[in-house]
Amino acid sequence: RTLIEQAGLRSGDRVLDIGCGTGTLIVMLARTHRDVQVVGLDPDPKALDRARRKCAKARVDVQLDRGFSDALPYAAASFDRVFSSFMLHHLETSDKPKTLREVRRILRPGGSLHLLDFATPDDRRTGGLLRWTHSHHRLQDNTEAQVLASMTEAGFSSVRIVERGGLLVGRTAFYEAFASDARG
């Protein structure tokens with residue numbers, strides 16, 4: 001809900017959820033904003049099948065596509081908002097910048113990315129339940145500073161952390177970034 005609220009969706013917006021998985025976020029988006037076009041993308045056909053069933057059960061009209069976030073099958077400047085919920089940390093280090101550049105490519109000028117993911121602390125001395133994040137190789141480059149820097153390098157502006165939170169297994173961060181009017 002926080003991710004959706006921070007996006008400030010408007011009637012007629014076209015939104016994409018990359019790594020939509022089984023469709024929890026896209027169903028919530030489509031239910032709460034019936035006046036936006038919702039598209040979900042995931043590489044896993046089984047997850048997409050579950051998402052289709054969830055959408056049918058919820059009686060929401062959502063476009064579901066199979067594909068990868070580092071090679072988005074959409075035209076440049078074709079979305080107003082892009083969402084990503086707990087997907088970035090699943091990517092290999094080399095695929096994260098490609099994904100962020102692709103997201104920037106498909107956003108319309110003034111469009112925005114709204115991302116929620118685990119946020120590995122920059123201070124590696126954290127103990128307790130967070131310790132597993134330090135050994136998980138895909139989370140080691142998920143520090144807040146690295147995610148923000150990667151967004152900036154991908155061409156986003158006004159990159160920021162909107163909110164921080166936590167789950168039993170680790171810290172989370174809600175990020176926001178905008179596609180400026182000038183294409184670069």
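Reader: How many disulfides does the structure hold?

Author: The model, which is predicted, holds zero disulfides. A disulfide requires two cysteine sulfur atoms within 2.5 Å. The sulfur of Cys-20 has its closest cysteine sulfur in Cys-55, at 8.1 Å, which is too far for a bond.

Reader: Are these two cysteines buried or exposed, Cys-20 and Cys-55?

Author: The cut-off for buried is under 20% relative accessible area. Cys-20 has 7% relative accessibility and therefore counts as buried. Cys-55 counts as buried as well, at 5%.

Reader: Which residues of helix H2 are buried?

Author: The general idea comes before the case. An α-helix has 3.6 residues a turn, so residues three or four places apart point the same way. In H2, which spans residues 24-32, the buried residues are Leu-25, Ile-26, Val-27, Leu-29 and Ala-30.

Reader: What covers the buried residues of H2?

Author: The cover includes helices H1 (2-7) and H3 (45-58). It also includes the strands S1 (14-18), S2 (37-42), S3 (63-66) and S4 (79-85).

Reader: How do S1 and S2 pair?

Author: S1 and S2 pair in the parallel sense, over five bridges. Strand S2 is largely enclosed by the rest of the structure, because five of its six residues are buried.

Reader: Where is Leu-16 placed, and what is in contact with Leu-16?

Author: For strands, the general idea concerns the two faces. In a regular strand the side chains alternate between the two faces of the sheet. Leu-16 lies in strand S1 and is buried, with a relative accessible area of 0%. Beyond its neighbours within four places in sequence, Leu-16 is in contact with Val-39, Gly-40, Leu-41, Tyr-74, Phe-79, Arg-81, Val-82, Phe-83 and Ile-106. Ile-106 is 90 residues from Leu-16 in sequence, yet their C-alpha atoms are 9.7 Å apart.

Reader: Which residues have the most contacts inside the largest nonpolar core?

Author: They are Leu-16, Val-82 and Met-151, in a core of 27 residues. Elements that give two or more residues to this core include S1, S2, S4, helix H4 (95-106) and helix H6 (144-153). Strand S7 gives the most, with four residues. A second, separate core has 23 residues, among them Val-15, Leu-29, Ala-30 and Val-38.

Reader: What does Met-151 touch, not counting residues up to four places away in sequence?

Author: Met-151 touches Leu-100, Leu-113, Leu-115, Phe-156, Val-159, Tyr-175 and Ala-177.

Reader: Where does pLDDT stay under 50?

Author: That stretch is residues 123-135, for which the model has 19 contacts beyond four places in sequence. Over the protein chain, the mean pLDDT is 87, and 84% of residues reach 70 or more.

Key:
Residues numbered from 1 in each chain as written. Predicted model: local features only at pLDDT ≥ 70, side-chain atom pairs only at ≥ 80, totals over all residues. Heavy atoms only, no water. Buried < 20%, exposed > 50% of the residue type's maximum accessible area, 1.4 Å probe, protein only. Contact = heavy atoms within 4.5 Å. Core = buried A, V, L, I, M, F, W, Y, C linked by side-chain atoms within 4.5 Å. pLDDT = per-residue confidence, 0-100. Pairing = 2+ DSSP bridges.
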